[in-house]
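Let's take a walk through a protein together, one step at a time. Have a look at the picture first, and then we will begin with a pair of helices.

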Amino acid sequence: MKNQSPVAVLGGGSFGTAIANLLAENGHRVRQWMRNETQAETMRSQRQNPNYLTDVPILPGVEPVNDLVQTLDECELIFVALPSSALRQALQPHASRLAGKLLISMTKGIEAQSFMLMSQILEDIAPDARIGVLSGPNLAREIADHALTATVIASDDETLCQHVQDVLHGRTFRVYASPDRFGVELGGALKNVYAIMAGLAAALNMGENTKSMLITRALAEMTRFAVKLGANPMTFLGLAGVGDLIVTCSSPKSRNYQVGWALGEGLGLDEAVDRLGEVAEGVNTLKVLKAKAEELQVYMPLVSGLYAILFEKYTLDQVIEMLMLSEPKTDVDFISSTGF
Ligand SMILES: NC(=O)C1=CN([C@@H]2O[C@H](COP(=O)(O)OP(=O)(O)OC[C@H]3O[C@@H](n4cnc5c(N)ncnc54)[C@H](OP(=O)(O)O)[C@@H]3O)[C@@H](O)[C@H]2O)C=CC1
Ligand SMILES: O=C(CO)COP(=O)(O)O
């Protein structure tokens, strides 16, 4: 099924670029909106993004644009790939143009003061829009390289889910549907924090047992937190939970993992983020998650440990000792405590 109107992708970064190309490959006309006029002009003339995924040819079906008002007016289906720090500020001024549109958040972050997820912000800005979340183990670099990939479109609006499946499904990209928008979105945001830890452990050559322990206990911690917020723990066993956790905690292509790796090499947090030069949502998520876990009294030792290293001047050795010598616990407690 082809869209009559073009499809919008908001964001000129790596993920926006990968998804815009994917849509164009499936035969859709795409308006990829970015704030930087020179970047859009370069992309139109040279068919390459000068700043992100620079070696990926931009397909003819993608039109890089700067005019957000025109883009929102022209397109019914709008994918949002802006950093979490920018989403509200970019879209709030255009709230009246979003009524009735299909808004699909692909942003994996949490708003600092409100603890709102990005689709909740979209809902706040545009209560009359139809909202979904696309999330899963989806490294932009690999999508652009046509690695076989799966993702989840989550919404209680079944027609929206089917529509997104129609436009994105292809030979290398498979889209599963879920009614659990909150759980899917929370999984995508939380895993970034643990990817920083995994990168740090990898840089220090801590070994495969450690990596496996970290990923599995991260899943326990994320799920415990999610259950406290009323989410369905089963969602965390799917692509947007354990799937995304595995890919970001295992791959040097993940920017959050790269921040952790740089910390392991001895860089400070600011230097690590500066060296990356792209969005690593896990740094902000760590701050808001630590505060929320304390408020809700959820036991999140990995989050507390990373926070202690990054913001409270604890050494890694001190944190490892606290984690390893803390009182013994029960495995899979996060599932058994919910009665499954
Ligand atoms: N990359 C990936 O593999 C994946 C990313 N995501 C999520 O997608 C979101 C975007 O990430 P990604 O594309 O990778 O990030 P990048 O760092 O690659 O790009 C960020 C983009 O956002 C733009 N931007 C920053 N601030 C603003 C603003 N105030 N208004 C408009 N545009 C702005 C940047 O523009 P400029 O260049 O002008 O600064 C740039 O085009 C993140 O939440 C991320 O977690 C989700 C799945 C996979
Ligand atoms: O969310 C991602 C993969 O699913 C991308 O992770 P990074 O932002 O760490 O690159």
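At roughly what angle do the axes of helix 8 and helix 14 cross? Before answering, keep in mind that this is a predicted model. The two axes cross at roughly 60 degrees, and they come within 11 Å. Why quote both an angle and a distance? Two packed helices are described by the angle between their axes and the distance between the axes.

Next, follow helix 14 (residues 301–311) to another partner, helix 15 (residues 316–324). Their axes come within 9 Å and cross at roughly 160 degrees. An angle over 145 degrees counts as roughly antiparallel, so helix 14 and helix 15 are roughly antiparallel to each other. Their crossing is right-handed. On the helix 14 side you will find Pro301, Gly305, Ala308 and Ile309, which meet Leu316, Val319, Met322 and Leu323 of helix 15. This contact has seven nonpolar residues, one polar residue and no charged ones.

Let's step back to a wider stretch of the chain. UniProt, in an unreviewed entry, lists residues 180–321 as the domain "Glycerol-3-phosphate dehydrogenase NAD-dependent C-terminal". Over these residues the chain is 75% helix and 0% strand, with the end C-alpha atoms 37 Å apart.

Now for the ligands. Around ligand 2, the shell includes Lys108, Asn192, Asp244 and Arg255. Helix 10 gives the largest share, three residues. By class, the shell has four nonpolar, five polar and three charged residues.

Ligand 1 has 28 residues around it, and Gly12, Gly13, Ala86, Ala140 and Glu278 come nearest. Helix 1 (14–25) and helix 4 (84–91) are the elements that give two or more residues to its shell. The largest share, four residues, comes from helix 4. Twelve residues of the shell around ligand 1 are nonpolar, twelve are polar and four are charged.

Technical notes. Residues numbered from 1 in each chain as written. Chains lettered and ligands numbered in written order. Predicted model: local features only at pLDDT ≥ 70, side-chain atom pairs only at ≥ 80, totals over all residues. UniProt positions renumbered as here; feature names shortened; annotations may be inferred. Axes fitted to C-alpha atoms, helices over the stretch in contact; angles between N-to-C directions. Parallel < 35°, antiparallel > 145°, perpendicular 65-115°, else oblique. Left-handed = near helix turned anticlockwise from the far one by under 90°. Contact = placed C-beta atoms within 7 Å. Nonpolar A, V, L, I, M, F, W, Y, C, P; charged D, E, K, R; others polar. Near = placed C-beta within 6 Å.
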